[in-house]
Amino acid sequence: MHPAFSVIFLTTLIGAGQGLFLALYTGQVYAVFDVLPVQDPVNFYALGSLIALLLLVAGLISSFLHLGRPERAWRSAARWRTSWLSREVIVLPAFMGTVAAWGLLHYLAWNPLLFSFRGTFGIDLSMVIGAVGTLLAFALYLCTGMIYACIKQLQEWATPLTVLNYTLFGLASGFLLATAFANSRGAGLVDFLGGWAIFATVVAFVTRAASLIRNARLKPKSTLGTAIGVRHSKLEQKSQGFMTGSFNTREFFHGASPRKFLFVKWLFLLLVFPVPLALASAGIAAESTGLLLAAFLTQYVGLLAERWFFFAQANHPQNLYYQTV
Amino acid sequence: MTQLALVIDLNVCVGCQACVTSCKEWNTSGTAGPMADMNPFGKDPTGTFFNRVQTFEVGTYPNTETVHFPKSCLHCEDPPCVPVCPTGASYKREEDGIVLVDNDKCIGCKYCSWACPYGVRELDEHQKIMTKCTLCVDRIYDESLPENERKPACVNACPTNARLFGDVNDPESEVSAAIREQGGYQLMPEWGTKPANHYLPRRKARITIHEDELIRADNPLRKERHLPMPDADDPTLDETTSW
Ligand code: SF4
Ligand code: SF4
């Protein structure tokens, strides 16, 4: 498939935005149970959710660039019963709204206690909104992943690993960003968030490696024989019916040389996993926002490469029909 | 339930591209058009087509065979392109099984083209919406046309009659009979899309001849001669008498 930058930015930006929100909210939940220190509502929660929101908005803008007719985008909420894309289109704004509400509650310091358990800990409104946001964040990971995983004939994508990878990469980058943010604004959260960021990165390495191994062993179900229905071991296309490009030759081929393809693969394996892990560990130890931010940015660039590779690696059976000019 | 479709006879198709041009000619000015050509006289011309004819070679020289292969939307009975569409612009008509794109609803997200295994949907660069074969839905029901022209433009254009059009769910139809009797098959059955369009394979008439059938064993004169039998290249009675 041809890697479209609009989609690459969309999926990486919202993934990180979701992860960042989940990190902030996890901190809040732990604080309720007195496991972690309570943070400043404006300086930490409100500002943090603003950053998450900015990432989500940037992703949304980038998704519009993907559409041929962005002015009709509102129509895409219509088929949520059958289409994962439609579901994503509904869940994304819902999630953005929830993040905004959650941040606003903290900013306005309007946070009525809803109920409390025997006076030990209380559940306030922002806790409830945050819980809704958590559900939506995971639902959004599911939708984003399923958009790709549900297309049977893109065999490289049609696996639960796709959803898992999208989730874990989002969590890893979001938690990394949260760690850097907590180091500059928060109190006593760096070890906790940083630990989870490292954990998510390591698990993501395992699942992404699993999908790389799986894809290397895939045997295409479609062959030229099934594509044109002629049973012969030697089939060759002599003409695709036109001499210059068409939608089919542009949309479904990545067009990169094998060397570039391999280069991007090793680039992402390097930038998503070992480099940020090293930077993050050093950053946590040295309590350096600069190092932690560098860890996040390196991983983010790596994720752009990862997404590029994710698209380029998928081999659409329609390509069988477009082998020779 | 009616399911209109094409049956394409690969035994007859000569790859003349008449269906490609007549399709473009009809549809570019029809309800699905315009089918834009970008840069038509420039360096990299590119355009939208609903139908393409490709050419494949089977076998190794000198034992090769050329297969011309027309390819357009197959109007699948279980079309994967329809459920993925977020807007409902892609839909399959209940009444005749034609799969269409609603020009006014499509947002050009291209998702349906990913879901179609056959690469027959093309995003129109000018309109920025998805386009595909409509089975000439604006033609086949048009009562202002003479009845024998109420067929897709490609079917009318084909000089060798390689394209049949009709209801593949009606066992009595010409297309059903052709599929049944001449080995009609579907493309990429492995994806469970149940394409409505079928292809008829290349067919060869072969008879098996055994060696003794080449000898005039039925020559009565030879039969009655005394053994041993004469050589096979000795003249037979027919040959001696006919000159
Ligand atoms: S051939 Fe492709 S576009 Fe046509 S109905 Fe089947 S899946 Fe949809
Ligand atoms: S390109 Fe148009 S028809 Fe295809 S899935 Fe998107 S909105 Fe639907």
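This is a predicted model: local features need pLDDT of at least 70, side-chain atom pairs count only at pLDDT 80 or more; totals for chains, interfaces and linings use all residues.
A crossing of two helices is called left-handed if the near helix is turned anticlockwise from the far one by less than a right angle.

Helix α1 of chain A covers residues 5-32 and helix α3 of chain A covers residues 84-107; their axes lie 12 Å apart and the helices pack at an angle of about 40°. The crossing in which α1(A) passes α3(A) is left-handed. On the α1(A) side, the residues that meet the partner helix are I14(A), Q18(A), F21(A), L24(A), Y25(A) and Q28(A), and they face E88(A), L92(A), F95(A), V99(A), W102(A) and H106(A) of α3(A). Sorted by class, this contact holds eight nonpolar residues, three polar ones and one charged residue.

A second pair in chain A joins α6(A), residues 190-216, to α11(A), residues 289-313, with axes 13 Å apart and a packing angle of about 20°. Since angles under 35 degrees count as roughly parallel, α6(A) is roughly parallel to α11(A). From α6(A), the contact draws on V190(A), T201(A), R208(A), L212(A) and N215(A), while α11(A) supplies L292(A), Q299(A), E306(A), F309(A), F310(A) and Q313(A). The contact of α6(A) with α11(A) comprises five nonpolar, four polar and two charged residues.

Attention now turns to chain B, where eight helices and eleven strands are found. The chain has 243 residues, of which 52% are buried. Among contacts in chain B with a separation of 6 or more, 55% are between residues 24 or more positions apart.

Chain B also supplies the closest neighbours of both ligands. Around ligand 1 there are 13 residues, with C73(B), C76(B), C81(B), C116(B) and R121(B) coming nearest. This shell consists of ten nonpolar residues, one polar residue and two charged ones. Ligand 2 is likewise surrounded by 13 residues, and the closest of these are C85(B), C106(B), C109(B), K110(B) and C112(B). Its shell divides into nine nonpolar, three polar and one charged residues.

Conventions: Residues are numbered from 1 along each chain as its sequence is written. Chains are lettered from A and ligands numbered from 1 in the order in which they are written. Side-chain values use heavy atoms; hydrogens and water are left out. A residue is near a molecule or strand if one of its heavy atoms lies within 4 Å of it. Ala, Val, Leu, Ile, Met, Phe, Trp, Tyr, Cys and Pro count as nonpolar, Asp, Glu, Lys and Arg as charged, and the others, Gly among them, as polar. Axes are lines fitted to C-alpha atoms, for helices over the stretch in contact, and angles run from 0 to 180 degrees between N-to-C directions. Helices (H or I, at least four residues) and strands (E, at least two) are DSSP runs, numbered from the N terminus. Angles under 35 degrees count as roughly parallel, over 145 as roughly antiparallel, 65 to 115 as roughly perpendicular and the rest as oblique. Contact means heavy atoms within 4.5 Å. Buried means under 20% relative accessible area, exposed over 50%, partly exposed in between (1.4 Å probe, protein chains only).
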